[in-house]
Amino acid sequence: MVNEPTHAPLLSIVVPVYGVEAYLYQCLESIRADVPAGESDAVELIAVDDASPDGCGDMLRSYAAGHDGVRVVHLSSNVGLGLARNAGLDVATGRYVWFIDSDDWVPPGTIPAVLDRLRQHEPDVLMLDHLRVHEDGRREVDASSHLLRAIPGVNRLDDQPQLLRVQHTAWNKVVRRDFLDQLELRFFPGWYEDIPFSHPLLIGAEKISVLDRVCYLYRQGRHGAITSTRSGRHFDAFAQYERLLDWVARKHPDERLQAELFQLMINHYLVVVGNDGRLHPHLRRDFFHRAAAHYRRYLPTGGYPVPSGVAGLKHRLVGRGDWLAYSALRQAHRVAGRLRRPGPAAVDIGAGPVTADDDPGRATGTATAVDGRLAVATDRRDALAGSRRS
């Protein structure tokens with residue numbers, strides 16, 4: 001049973017909860033304690049207990065009993081992050097909704113800044129900056145954060161196309177609820193649930209506002225996090241991109257947009273297939289060939305902006321389905337990386353210096369002399385094959 005608030009709030013914050021007993025209090029308290037005095041009616045906090053196997057359910061009951069403006073939804077069975085967000089969205093009453101993951105938290109001053117900007121601009125989507133926080137306490141600026149700089153007023157994606165390359169997560173966007181309903185957007189089951197949700201928000205929005213301040217602290221390296229878990233469930237990314245590209249083809253059939261999303265998709269696949277922390281070695285080849293099949297299926301008729309350097313070489317290898325050459329390139333990169341530690345070099349892929357991580361807007365590898373020699377050898381092999389065919 002969820003009690004309805006007396007007055008409709010401006011902002012509903014939905015926090016899906018599963019297996020985060022050690023982090024849950026920090027998350028909830030960072031939100032509740034940041035609500036300005038006299039603004040308690042403006043914010044509701046909805047925590048969704050996704051049948052958490054630890055003590056999170058009891059913690060939520062106790063926390064809600066002791067704090068006004070906190071509502072709890074208990075699910076009878078585990079449904080996963082996306083569907084748990086949907087469950088919170090179904091009972092949210094705010095004009096805007098913000099999804100915050102329960103192992104992350106917000107810095108002081110965030111809630112007042114978000115409320116002020118929502119009232120000032122009344123956007124469809126409010127984009128927020130974040131920092132990555134490592135287990136040792138080190139804080140790292142995200143490689144896509146520079147794309148949020150110096151964007152005044154409200155805009156459309158056509159005005160600021162670089163926003164499509166900001167990390168595609170739900171938690172860095174506050175969304176007008178009526179706009180969500182207008183787009184008929186909800187989260188799908190499975191991992192990488194943000195893919196068919198986050199991009200359409202920016203594509204469909206008439207009013208995008210950017211709050212150029214750190215409003216979210218994104219925890220890195222937590223045991224059980226998707227980005228640090230080896231599993232066959234990383235194959236869920238293929239179904240999520242199919243949903244995204246199908247939505248774009250139906251709602252916004254623009255060749256330039258499709259080309260941009262295609263590049264981001266291949267970038268993302270290369271991040272996953274190259275990451276030891278995500279795929280067991282025996283799954284790597286199958287994932288690569290699934291990525292190659294998507295390359296052939298979705299390659300825009302007018303082409304797409306292929307990244308420069310080694311990242312572009314990897315794109316070409318995926319396009320050819322050349323697993324052996326990709327494996328050799330990956331191994332060469334790993335050997336060279338061990339030789340030149342500490343500190344990987346950045347690769348320029350046309351949007352500033354970036355390094356490889358879980359963001360498909362980033363580079364998919366690091367340039368080295370070994371990689372360069374392999375790139376030249378591969379290009380020579382292609383040239384010889386072309387001359388033989390002619």
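Predicted model: local features only at pLDDT ≥ 70, side-chain atom pairs only at ≥ 80, totals over all residues.

User: Why are α8 and α9 called roughly antiparallel?

Analyst: The axes of α8 (residues 255-273) and α9 (residues 281-298) cross at roughly 175° and come within 10 Å. Angles over 145 degrees count as roughly antiparallel, and α8 is therefore roughly antiparallel to α9.

User: Which residues of α8 and α9 meet, and how do they divide by class?

Analyst: From α8, F262, M265, I266, Y269, V272 and V273 meet R284, F287, F288, A291, H294, Y295 and Y298 of α9. The residues of this contact comprise 11 nonpolar, 1 polar and 1 charged.

User: What makes α6 and α7 roughly parallel?

Analyst: Helix α6 (residues 195-204) packs with helix α7 (residues 236-251) at an angle of about 25°, their axes being 8 Å apart. Because angles under 35 degrees count as roughly parallel, α6 and α7 receive that description. Their crossing is right-handed. In this contact, I195, P196, H199, P200 and I203 of α6 meet Q240, Y241, R243, L244, W247 and V248 of α7; by class there are 8 nonpolar, 2 polar and 1 charged residues.

User: How do you know whether S209 is buried or exposed?

Analyst: S209 lies in strand β9 (residues 208-219). Its relative accessible area is 0%, and buried means under 20%, so S209 is buried.

User: What makes the pairing of S209 and R117 a polar contact?

Analyst: The side chains of S209 and R117 are joined at 3.2 Å, and the cut-off is within 3.5 Å for a pair of N or O atoms. Leaving aside neighbours within four places in sequence, the contacts of S209 also include H121, P123 and V125.

Methods
Residues numbered from 1 in each chain as written. Heavy atoms only, no water. Axes fitted to C-alpha atoms, helices over the stretch in contact; angles between N-to-C directions. Helix = DSSP H or I, 4+ residues; strand = E, 2+ residues; numbered from the N terminus. Parallel < 35°, antiparallel > 145°, perpendicular 65-115°, else oblique. Contact = heavy atoms within 4.5 Å. Nonpolar A, V, L, I, M, F, W, Y, C, P; charged D, E, K, R; others polar. Left-handed = near helix turned anticlockwise from the far one by under 90°. Buried < 20%, exposed > 50% of the residue type's maximum accessible area, 1.4 Å probe, protein only. Polar contact = N/O pair within 3.5 Å; in protein donor to acceptor, adjacent residues only side chain to side chain.
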